[in-house]
Amino acid sequence: MAPSSAQAPGPPAGHPPPAGATGANRPGELPAVHDALVGVALPALAVSARHAQLTGAGLEGVYLSGRRLLSRCVLRVAGREPVPLQGRSTTADRADFLGVVRTPGDAGPDPGLTVERSREADGTERITLRSSSPRAVRLPVEIALGTDLADLGAVAAGRPGPELSASVHGTGLRWTGTDGSAASVTADPPPDDALAAAGLLRWEAELAPGGTFTLTLRVRGERAARHPGARGERAARHPGAGAGRPGGHVLADAAAEGDDPRLGELLAASIDDLRALLQRDPAHPADVHLAAGVPWRCGPVTAEALWAARMALPLGTRLAVTTLRALARTQLRGTGDGSGRIPGPLRDAGPHLPPRCTGVEATLAFPAVLAEARRWGLPEQDLTELLPAAERCLEWLRGALDTHGFVQESGPAGPARAETQAHAHRAAVLGADLLDACGRPGGEAWREWARALRDRFRDRFWLDDPHGGRPALARTPDGRLLPYLGGWAAHLLDTGLTAGGAAAPGLLDKSQTERLARLLTSPAMDSGWGLRGLGTKEPGYNPFGHRSGAVRVHETSVAVAGLAAAGYEAEAAALLRGVVDAATAFDHRLPEMYAGERRTSGSLPAPHPAACRPAAVAAAAPVHLLTVLIGVRPDAPGRTVALHPLRSAPLGEVRLSGLRVAGEPFAARVGRLGLGMVEEAAPGLQLGV
């Protein structure tokens, strides 16, 4: 969104223009958010610096549905801004701050006034002044407020537009945009003075000896009228003001405990972040899905949302159902070439490939996720509803092979990617199981299709060398293989679950799987904090490249699961420990990616400045990793659940409780000797092999 042509007054005199508001960013550049405290309860989010003041710099502010309702909130006490001491995210939707102010009566270096601030995702802020003085004190308190009502995209591009003029409104201030949208801030207790021209609210705070003074700010937004002549919709209220956070009931309250206390904190933060990312389908408010990531990707349902729902299946099947349902509504119908495909945006695929189609990814994931959800206990009525869309996905796949027998997604001149073949193979194998289970024809034909793809892939996608070879990244239409090894290769080990909780057959043969296991845990690929997106020896490697060297949590979790299923437990445990250690450095809230710099003694993982945090796949990854650690492999239709824990017990004794298998609570434990035990399960569920 371009800046408004109406030159509304800027910040009050003496307040400089916020950084990032005076010039556009370069193409592709995003403001750094790695050190920001982002509170999320979609569609609301609050982006704060650790010093607590909202200055309008970068992305700072309170947003609702992608619009910045408040860009500036600067507190002064006795004419001074508090000295910031601490700022941290305490939950996914709240940040707490601590500062101090030296008042005129303070003697020596010790400050006599503590300032505590708590800011929620919807902009509600509670400010408490706490006096340590033995005398009563009277202090002027003022808060400078402002907004540009800019779209998040405009703010990210460095073109937020000028700050708007305020008007006094009730117990606070109000701003109105040129499009009729508006925002207001109300204060409790009401201010003693409100100056619209300066955007100031003022109080005279009286604090008894050792006393406190507390004020609360609330932010509200109003949307523009939908059509000419309609009145503004005054009820565009934040989550928490009415219906509450969307769909929080779709995820179980699981817990982890054991020898390593970090696991409990990691799982709790994971579930907290997943719930914060839930958003409703506007046209179908009963359905929710995960936003791909905050702050950049909060739009319609994506392939990332489906992958995250798959990893979160141990918390219940409801999220998978509503995500699949949302994707099914977008599926192309009719009889054309694209019939059955799910549309999706293009995403960067790194330095060696053209952009990938996330719609193809979602199309291939759909039948596999539906089949695995059935293994976890998907209700029959949901399976019946979603099966036709899965069949349409498979029909699209049947016609998607190129002349060489591979799935190709980038047009006739584009390469066939190895990762896409892995998704296609999984869709065929698990889709065949799904068809058989539902009494539909075609299961055996799809197994034969998958066998033929395996044979072709093993023969034409493998690069031989004196060390045992490696899989190719992609195959060009003229048969040339692109040899660049990266985190994408983890998907070749992701086979999915079949009957009895067994792993499905994979694309690679036994010797190729063993070779890939060694490659993925080599120093070139394993950073010590997780799996790099591109190996250090490959051309184009960049430790901060989001597809060319950064650690992507999703790929690492896929690698851990695939290695464990294939019997390479030492390799799986090494990657698992790296991610858990990295999570500790990120306060247990994993970003979607971080730098692939080599881990050394005393080092910490370096954040990526533009990474989403929280992100759907990164938030779901700890659920997936802990499930692999315990080794839960359900087959609810067969009334069995198997435990295949990592026998080395790399994190000591671990207990998971509050999971959902066959629609009922499930708890299991793995001891220090690597032996698993089911402690709670649905009635009639038997322990499988």
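**Reading the backbone and the rings**

Tutor: Let us begin with a position: Pro-43 is found in the loop between β1 (37-41) and β2 (44-48). Helices (H or I, at least four residues) and strands (E, at least two) are DSSP runs, numbered from the N terminus. This is a predicted model, in which local features need pLDDT of at least 70 and side-chain atom pairs count only at pLDDT 80 or more, while totals for chains, interfaces and linings use all residues. Residues are numbered from 1 along each chain as its sequence is written, and side-chain values use heavy atoms, with hydrogens and water left out.

Student: Which peptide bond joins Leu-42 and Pro-43?

Tutor: Most residues other than glycine have a negative phi, and most peptide bonds are trans. Leu-42 and Pro-43 are joined by a cis peptide bond, with omega about 15°. Another cis bond links Val-294 to Pro-295, with omega about 10°; Pro-295 is in the loop between β20 (284-290) and α3 (303-311).

Student: Which residue other than glycine has a phi near 45°, and is Asp-587 buried or exposed?

Tutor: Ala-649 has that positive phi, near 45°, and sits in the loop between β31 (640-643) and β32 (654-661). Asp-587, also not a glycine, has a positive phi of about 55° and belongs to the loop between α11 (569-585) and β29 (593-594). For accessibility, buried means under 20% relative accessible area, exposed over 50%, and partly exposed in between (1.4 Å probe, protein chains only). Asp-587 therefore counts as exposed at 52%, whereas Ala-649 is buried at 10%.

Student: How many aromatic pairs does the structure hold?

Tutor: A pair of aromatic rings is described by the distance of the centres and the angle of the planes. Rings of Phe, Tyr and Trp (its six-membered ring) pair if their centres lie within 6.5 Å; planes under 30 degrees apart count as stacked, over 60 as edge-to-face and the rest as tilted. The structure holds four such pairs. In one of them, Phe-406 and Phe-461 are edge-to-face, 5.0 Å centre to centre with 75° between the planes. Phe-406 lies in the loop between α6 (380-398) and β23 (416-417) and Phe-461 in the loop between α8 (443-460) and β24 (462-463), so the pair ties together parts that are 55 residues apart in sequence. Phe-406 is buried at 0% relative accessibility, and Phe-461 is buried at 1%. Ring pairs also join Phe-406, Phe-457 and Phe-461 into a cluster.

Student: Which residues does Arg-552 touch?

Tutor: Contact means heavy atoms within 4.5 Å. Not counting residues up to four places away in sequence, Arg-552 touches Leu-531, His-546, Arg-547, Glu-592 and Met-593. Arg-552 lies in strand β28 (residues 551-552) and counts as buried at 12% relative accessibility.

Student: What do the totals say about the protein chain as a whole?

Tutor: The protein chain has 12 helices and 35 strands, and buried residues make up 58% of its 689 residues. Among contacts with a separation of 6 or more, 63% are between residues 24 or more positions apart. The C-alpha trace spans about 80 × 60 × 50 Å along its principal axes.
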